[in-house]
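Reader: I have a chain to go through before setting anything up. Can you show it and take my questions?

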Amino acid sequence: VVLDIVLPDRSGLEIAEEITARYRDERPVLIALTAYSSDMDRRLAKAAGFHDFIAKPYDPQALLRRLVALKPSS
């Protein structure tokens, strides 16, 4: 799941926390994609359950490489 942190109605951090609480270790791979990229933003994303963090603007090919690297093995 590639999820922006700043959304119109809710925070992507809240959504990630809900997914993490509901699915725990079975949760899907969560990647934060956001224009906010301070160390604090990265720590908050990790605490919310994101597996990775990508700051905008981003390279789509780099995103694909990260998705492949984070893909759970079956």
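**Exposure, core and fold**

Author: Leu67 counts as partly exposed because its relative accessibility is 34%; buried means under 20% relative accessible area, exposed over 50%, and partly exposed in between, with a 1.4 Å probe and protein chains only. This is a predicted model, where local features need pLDDT of at least 70 and side-chain atom pairs count only at pLDDT 80 or more, while totals for chains, interfaces and linings use all residues. Residues are numbered from 1 along each chain as its sequence is written, and side-chain values use heavy atoms, with hydrogens and water left out.

Reader: Where is Leu67 found?

Author: Leu67 is in helix α3, residues 60–70. Helices (H or I, at least four residues) and strands (E, at least two) are DSSP runs, numbered from the N terminus.

Reader: Which residues form a nonpolar patch on the surface?

Author: Val2, Leu64 and Leu67, with about 230 Å² of accessible area together. Areas come from the Shrake-Rupley method with a 1.4 Å probe, and for residues only the protein chains shown count as cover. Like charges are joined within 9 Å, and nonpolar side chains (Val, Leu, Ile, Met, Phe, Trp, Tyr) within 5 Å.

Reader: Now the inside. How many residues make up the largest nonpolar core?

Author: 11 in all, including Leu3, Ala16, Leu30, Ala48 and Phe50. A core is a set of buried Ala, Val, Leu, Ile, Met, Phe, Trp, Tyr and Cys residues joined through side-chain atoms within 4.5 Å. Helix α1 (12–23) and helix α2 each supply at least two residues of this core, and α1 gives the most, with 3 residues.

Reader: What does Ala16 touch?

Author: Not counting residues up to four places away in sequence, Ala16 touches Leu3, Leu30, Ala48 and Phe50; contact means heavy atoms within 4.5 Å.

Reader: And Lys46, buried or exposed?

Author: Lys46 counts as exposed because its relative accessibility is 65%. Lys46 lies in helix α2, residues 39–48. From Ala16, Lys46 is 30 residues away in sequence and 9.6 Å away in space, C-alpha to C-alpha.

Reader: Zooming out, what order do the elements run in?

Author: From the N terminus on, β-α-β-α-β-α, which comes to 3 helices and 3 strands.

Reader: What share of the 74 residues is buried?

Author: Buried residues make up 27% of the chain. The accessible surface comes to about 5,300 Å², of which 54% belongs to carbon and sulfur atoms.

Conventions
Patches are made of residues with over 30% relative accessible area and no salt bridge: like charges are joined within 9 Å, nonpolar side chains (Val, Leu, Ile, Met, Phe, Trp, Tyr) within 5 Å. A salt bridge is a side-chain nitrogen of Lys or Arg within 4 Å of a carboxyl oxygen of Asp or Glu.
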